[in-house]
Amino acid sequence: MLIAIDNVLTADEVRQARQALEATAWVDGRVTAGEQAATVKLNLQIPQDAPVAKEIGGLVLRALGRNPAFNSAVLPLRVLPPMFNRYDAGMTFGAHVDSAIRHVPEAGIRIRTDVSSTLFLSDPSEYDGGELVVEDTYGSQKVKLAAGSMVVYPATSLHAVTPISRGSRWASFFWTQSMIRDDGQRRLLYDLDRAIMETRRHLPDDNHGVVGLTGVYHNLLRQWAEM
Ligand code: NI
């Protein structure tokens, strides 16, 4: 399931992130790639231990915390510290699957990457090319969103970033270990949550149907969640 979430960051937050990243040195993106991905990856990244990565990463994490769509779609257990990448003209990232397990050095833990996220920090008008192409159950989907908007998709998907032919594409990207490992179960819970929200717009919260469906949601989550 691939979901676009608009306005995760405000315009002010996008500006703040861009200014902080502009003042920082970028390095070859292959530093964090696995063996196969490194052979097809050509981009730039902010080093994970750079102070700006922590500062703007914190801003992204706070924005996720207040975003109901992210929490409903991803059911996060742990979010890896956000990273930042940039594709200038000629840069690209060929087809790959993200590494399943990632180490968080400062926390001394490993997390399973269930959901991949890309939070766009450049507007589509700033560059040509640079689409995120994700192989979904329903075929391949091309994604290019407004600055401040984000796409989440199963980390199991084959995906790529097409070559940039003009301008520069900046983004934050990160992985989440979900309480729900299975993409199909996560999707069911998301659909059920949305259907309950929609029903609650038309019926009072003490309606027996609303109470029953809400109970089913929580009891499914209780059965399936791992923590
Ligand atoms: Ni990737």
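Select Arg 200 and Asp 205: their side chains meet in a salt bridge, with N and O 2.8 Å apart (a salt bridge being a side-chain nitrogen of Lys or Arg within 4 Å of a carboxyl oxygen of Asp or Glu). This is a predicted model, in which local features need pLDDT of at least 70 and side-chain atom pairs count only at pLDDT 80 or more, while totals for chains, interfaces and linings use all residues. Residues are numbered from 1 along each chain as its sequence is written, and side-chain values use heavy atoms, with hydrogens and water left out.

Stay on this pair and show the surface. Arg 200 is partly exposed at 37% relative accessible area, and Asp 205 is partly exposed at 46% (buried is under 20%, exposed over 50%, partly exposed in between, with a 1.4 Å probe and protein chains only).

Next, select Arg 201 and Glu 198. A salt bridge joins these side chains, at 3.1 Å from N to O. Arg 201 counts as exposed, with 63% relative accessibility, whereas Glu 198 is partly exposed at 37%.

Then go to Glu 226 and Arg 181, a salt bridge whose closest N and O atoms are 3.8 Å apart. The pair links distant parts of the chain, 45 residues apart: Glu 226 lies in the segment after helix 6 (208-224), and Arg 181 in the loop between strand 16 (164-178) and helix 5 (183-200). Helices (H or I, at least four residues) and strands (E, at least two) are DSSP runs, numbered from the N terminus. Glu 226 is partly exposed, at 32% relative accessible area.
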